[in-house]
Amino acid sequence: MKAYVFPGQGAQFTGMGKELYENSALAKELFEKANEILGFSITDIMFEGTAEALKETKVTQPAVFLHSVILAKTLNIKPDMVAGHSLGEFSALVANGTLSFEDGLKLVSQRAIAMQKACEITPSTMAAVLNLEDKIVEDICASIDGVVVAANYNCPGQLVISGEYKAVELACEKMKEAGAKRALILPVGGAFHSPMMEPAREELAAAIEATTFSTPSCPVYQNVTATAVSDANEIKKNLIIQLTAPVRWTQSVQQMIKDGATSFTEVGPGKVLVGLVNKIDKEVETISA
């Protein structure tokens, strides 16, 4: 069975999607439609913009989504199962027919703006913790005064924590004392997948509720549950919870393999997810589209 996976924020690079735009009439049409929907020329920033301009959450999220979804459409993929890392879940939902291209893009744009606003309320950040058991990371987070939680279970031995700046800094010190190889603050806009995103969750919930979700052509393994979901209403519910809940990537990939995935194809910029899948299971075939 073929699994298709879609990357999230952080996979962007200057020049992304340019080749697609120049070599495919369909891609060009979809990129132009995206400029119209967003009300600004995102293609200019994607193809020629600085890394700094591309790093803004309101640009990054639609840019990564567009690269993934348009590439998937030009390849005419037929997945047996899909999953996306954080933002990538929206790309996955267009790939399996749950969301239309237009609705997916509008939601991603609204999500990005809502998250940007939430980031501006309180100084917050994320940090990568390497070579420490999940349980130890969770226990240290629970022991800290202030908001800090496990946010991304990326692969065994790689967990990202998220929360208030001071709480994350303190947690990093304790992680190192507990034997972490590294505990490194990440260059991100704020504390994604933590309670700090509650204002964004409320805003996004209204937008998601107002959007039509169709029955998918194949199950999506959602970040929140790490299980196969095919019910449109359940997909909606999990997508809303996702902003303040952890990304269970390790568990999602393990479940997909258990359910029969024999190959994982990453669709979109970069090769981050292929790398993570290889660390989760060395036997499974990985392809970068």
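How many disulfides does a search of the whole structure find? The search finds 0, where a disulfide is a pair of cysteine sulfur atoms within 2.5 Å. A disulfide is a covalent bond between the sulfur atoms of two cysteines.

Before you click on, note that this is a predicted model, in which local features need pLDDT of at least 70, side-chain atom pairs count only at pLDDT 80 or more, and totals for chains, interfaces and linings use all residues. Residues are numbered from 1 along each chain as its sequence is written, and side-chain values use heavy atoms, leaving out hydrogens and water.

Start by selecting C119. C119 belongs to no disulfide, and the nearest cysteine sulfur, in C172, is 17 Å away. With 13% relative accessibility, C119 is buried (under 20% relative accessible area; exposed is over 50%, partly exposed in between, with a 1.4 Å probe and protein chains only).

Next, pick C155. The closest cysteine sulfur to that of C155 is in C141, 17 Å off and too far for a bond. C155 is buried as well, at 4% relative accessible area.

Now show helix α12 (residues 249-258) and helix α13 (residues 272-280), whose axes come within 10 Å and cross at roughly 70°. Therefore α12 is roughly perpendicular to α13 (a word used for angles of 65 to 115 degrees). Zoom in on the contact (heavy atoms within 4.5 Å): α12 brings W249, T250, V253 and Q254, while α13 brings L273, L276, V277 and I280. Colour these residues by type to see 6 nonpolar, 2 polar and no charged.

Key:
Axes are lines fitted to C-alpha atoms, for helices over the stretch in contact, and angles run from 0 to 180 degrees between N-to-C directions. Helices (H or I, at least four residues) and strands (E, at least two) are DSSP runs, numbered from the N terminus. Angles under 35 degrees count as roughly parallel, over 145 as roughly antiparallel, 65 to 115 as roughly perpendicular and the rest as oblique. Ala, Val, Leu, Ile, Met, Phe, Trp, Tyr, Cys and Pro count as nonpolar, Asp, Glu, Lys and Arg as charged, and the others, Gly among them, as polar.
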